[in-house]
Amino acid sequence: MKPNTEIESLYRMYRPYALSIAYRMLGMYTDAEDIVQDLFAELATKDTADVRNMKAYIAKSVTHRCLNLLNSARKQREEYIGEWLPEPVSGAASELPELSAEQKDTLSYAYLLMLERLGPVERAVFLLREVFEYGYDQIADMTGKTEANCRKIFSRAKLLLKGSEMPSSPVAEGQRKAVVERFADAFLRYDPQALVRLLAEDAVLISDGGGAVRTAIRPIFGSERLLRLLASPKAYRNLRSSEVVVADINGETNLLFTRGGEVMAAWCFRLTASGERLHQLYLIKNPAKLRSMQSYLDDHAT
């Protein structure tokens with residue numbers, strides 16, 4: 001067993017990197033934390049003197065654990081009540097640092113949802129190549145595939161994601177914040193005129209209550225349908241009676257709805273390429289997916 005000082009040093013050095021891989025792989029921060037904790041607990045009992053590249057070793061170990069979890073959770077996903085959305089996270093800059101400024105969007109909520117179009121192995125190969133910039137030979141070792149197969153898997157993943165890629169020129173954060181704040185104000189005031197100016201014509205609302213909280217179980221498409229819902233006095237009464245907090249969620253400006261110090265919902269957005277309207281609206285109400293948001297709220301309340 002390694003001395004405490006050695007494993008603590010490895011933990012401090014590589015925990016954020018391991019979390020970065022696991023969270024992007026799973027879309028669940030709580031599961032990513034569990035995997036990383038288990039990984040370092042196992043490392044404490046192993047002789048890693050022959051490990052030449054600890055960073056790659058950790059990436060391989062995390063990838064294997066994530067693939068196992070995704071494959072075992074497939075049935076649960078199929079039986080999930082309503083739409084499944086990723087777990088939003090706060091404090092992304094410190095817990096899940098970007099590998100470079102150009103990769104900031106790979107933590108965005110829209111990016112995580114885009115990855116849901118891929119199968120587990122496709123997701124692993126795509127992330128290890130596109131985000132973490134490993135060579136195909138290293139990816140082959142990490143996934144147990146051949147190098148040629150990894151190239152094919154990556155090409156297939158790119159094809160599957162075609163049309164849903166993140167814009168090459170992301171919306172400036174100041175512009176995004178202004179649009180999100182205008183939406184919050186229009187939503188709270190039941191203002192259809194303001195809302196119609198903020199919604200893209202082909203806007204879509206996707207909600208996740210996980211069967212624990214009442215919400216729409218299917219996506220709602222089109223600005224007209226969304227407008228009828230968002231401007232209705234009967235819809236979302238519990239959210240409108242909550243306090244709205246503009247918060248940093250997945251490295252972007254999004255919204256939290258809180259009541260009595262408890263997070264009731266998180267609302268994340270993908271804007272149009274121009275940054276003037278909301279294109280995709282993701283409403284997360286499943287309490288199991290709001291734990292990180294609750295920690296964010298508690299930290300900012302003290």
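The part I would like covered is helix α8 (residues 136-143).

Analyst: This is a predicted model, in which local features need pLDDT of at least 70, side-chain atom pairs count only at pLDDT 80 or more, and totals for chains, interfaces and linings use all residues. Residues are numbered from 1 along each chain as its sequence is written, and side-chain values use heavy atoms, with hydrogens and water left out.

Start with the helix itself. Helices here are DSSP runs of H or I with at least four residues, strands are runs of E with at least two, and both are numbered from the N terminus. In α8, the buried residues are Y136, I139, A140, M142 and T143. Buried means under 20% relative accessible area, exposed means over 50%, and partly exposed lies in between (1.4 Å probe, protein chains only). Viewed down the axis of α8, these buried residues fall within an arc of 165°, so they line one face of the helix. The arc is that of the directions from the helix axis to the C-beta atoms. An α-helix has 3.6 residues a turn, so residues three or four places apart point the same way.

Next, the cover. The buried residues of α8 are covered by elements including α3 (54-72), α7 (120-130) and α9 (147-161). Just after α8, G144 takes a positive phi of about 80°.

One of those covering helices, α7, holds R123. R123 is buried, with a relative accessible area of 3%. Its contacts (heavy atoms within 4.5 Å) include R24, M25, L112, L115 and E116, not counting residues up to four places away in sequence.

M25 leads on to the core. A nonpolar core is a set of buried Ala, Val, Leu, Ile, Met, Phe, Trp, Tyr and Cys residues joined through side-chain atoms within 4.5 Å. The largest has 71 residues, and M25, F40, I58, Y134, L256 and Y282 have the most contacts inside it. Helix α1 (residues 4-26) gives the largest share of this core, 11 residues. Apart from it lies another core of 30 residues, among them V179, F183, L198 and L281.

Now the whole protein. It has 14 helices and 6 strands. The radius of gyration is 20 Å, close to the 19 Å that the globule rule gives for 302 residues, so the protein is as compact as a globular protein of that length. That radius is taken over C-alpha atoms, and the rule is 2.2 Å times the number of residues to the power 0.38. Of the 302 residues, 51% count as buried.
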